[in-house]
Amino acid sequence: MSVTIWHNPRCSKSRQTLQLLTDQGHATAVVEYLKTPPSIDDLRQTLQKLDMTPRDLMRQKEAAYREQGLDDTSLDDATLIQAMHDNPILIERPVVLANGKAALGRPPEQVLDIL
C-alpha cells in the first residue's frame, strides 16, 4: 500500500501524524507541500476524496487568505484551488493519501480510517 503525506515539518499535527504512520509500520512518502505544492489536478482530486470544498481545506486564519481577498464568498472553486496552488501555506495540513482515499490529520488518528 502506498501512503503519502502532505507534510509541514513545522506543524505539530503534521509531525504527530507522520509519527503515527511510522509507528503503525507504514512506509510513507513525505511531500513537503510548501516546497513542492500539489498540482491543480492533485488538489481537485484530493478535495473530491476528502469530500470537501476548497474553502473547507483552506487555512482561513492565514494572512494570505485575508490579503488576497479569499474571504469573498463569491469566489468560485477554481479561483480558490488556484490560490492554494500558488500559496500552499493556505492548505490545511496534514493530508494523507492512501488506498485511493484521503484524510485530514486533524486529529492525527483520523488518518487511520483510510489505511
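Two strands pair if DSSP finds at least two bridges between them. Helices (H or I, at least four residues) and strands (E, at least two) are DSSP runs, numbered from the N terminus.

**Figure 1. Overview of the predicted chain.** The model is predicted: local features need pLDDT of at least 70, side-chain atom pairs count only at pLDDT 80 or more, and totals for chains, interfaces and linings use all residues. Residues are numbered from 1 along each chain as its sequence is written, and side-chain values use heavy atoms, with hydrogens and water left out. The chain holds four helices and four strands. Along the sequence they follow the pattern β-α-β-α-α-α-β-β. The C-alpha trace spans about 45 × 25 × 20 Å along its principal axes. For 115 residues, a compact globule would have a radius of gyration near 13 Å; the chain has 14 Å, which agrees. That radius is taken over C-alpha atoms, and the globule rule is 2.2 Å times the number of residues to the power 0.38. Of the 115 residues, 42% are buried (under 20% relative accessible area, with exposed over 50% and partly exposed in between; 1.4 Å probe, protein chains only). Contact means heavy atoms within 4.5 Å. Among contacts between residues at least 6 apart in sequence, 62% join residues at least 24 apart.

**Figure 2. The open sheet.** Four strands line up in the order E2-E1-E3-E4, with mixed pairing. Strand E2 (28–32) and strand E4 (101–104) stand at the edges with a single partner strand each, so one side of each lacks a neighbour in the sheet. Neighbouring strands are turned by 20° against each other on average, direction ignored. Axes here are lines fitted to C-alpha atoms, for helices over the stretch in contact; angles run from 0 to 180 degrees between N-to-C directions.

**Figure 3. Strand E1 between its two partners.** E1 (residues 3–7) runs parallel to E2, joined by five bridges. His 7 has Glu 32 as its bridge partner in E2. E1 and E3 run antiparallel, with four bridges. Here Trp 6 is bridged to Val 95 of E3.

Figure 4. Four bridges join E3 to E4, and the two run antiparallel. Ala 98 stands opposite Lys 101 in E4. Two residues separate these strands in a hairpin, and Asn 99 in the turn has a positive phi of about 55°.

**Figure 5. Helix H1 and its buried face.** The twelve residues of H1 should span 16 Å at 1.5 Å a residue; the end C-alpha atoms are 16 Å apart, which agrees. The expected span is 1.5 Å times one less than the number of residues. Ser 14, Thr 17, Leu 18, Leu 20 and Leu 21 are the buried residues of H1. Seen down the helix axis, they fall within an arc of 155°, so they line one face of H1. The arc is that of the directions from the helix axis to the C-beta atoms. These buried residues pack against E1, E2 and E3. Just after H1, Gly 25 takes a positive phi of about 85°.

**Figure 6. Helix H2 across the sheet.** H2 (residues 40–50) lies across E1, E3 and E4. Its direction runs at about 80° to E4.
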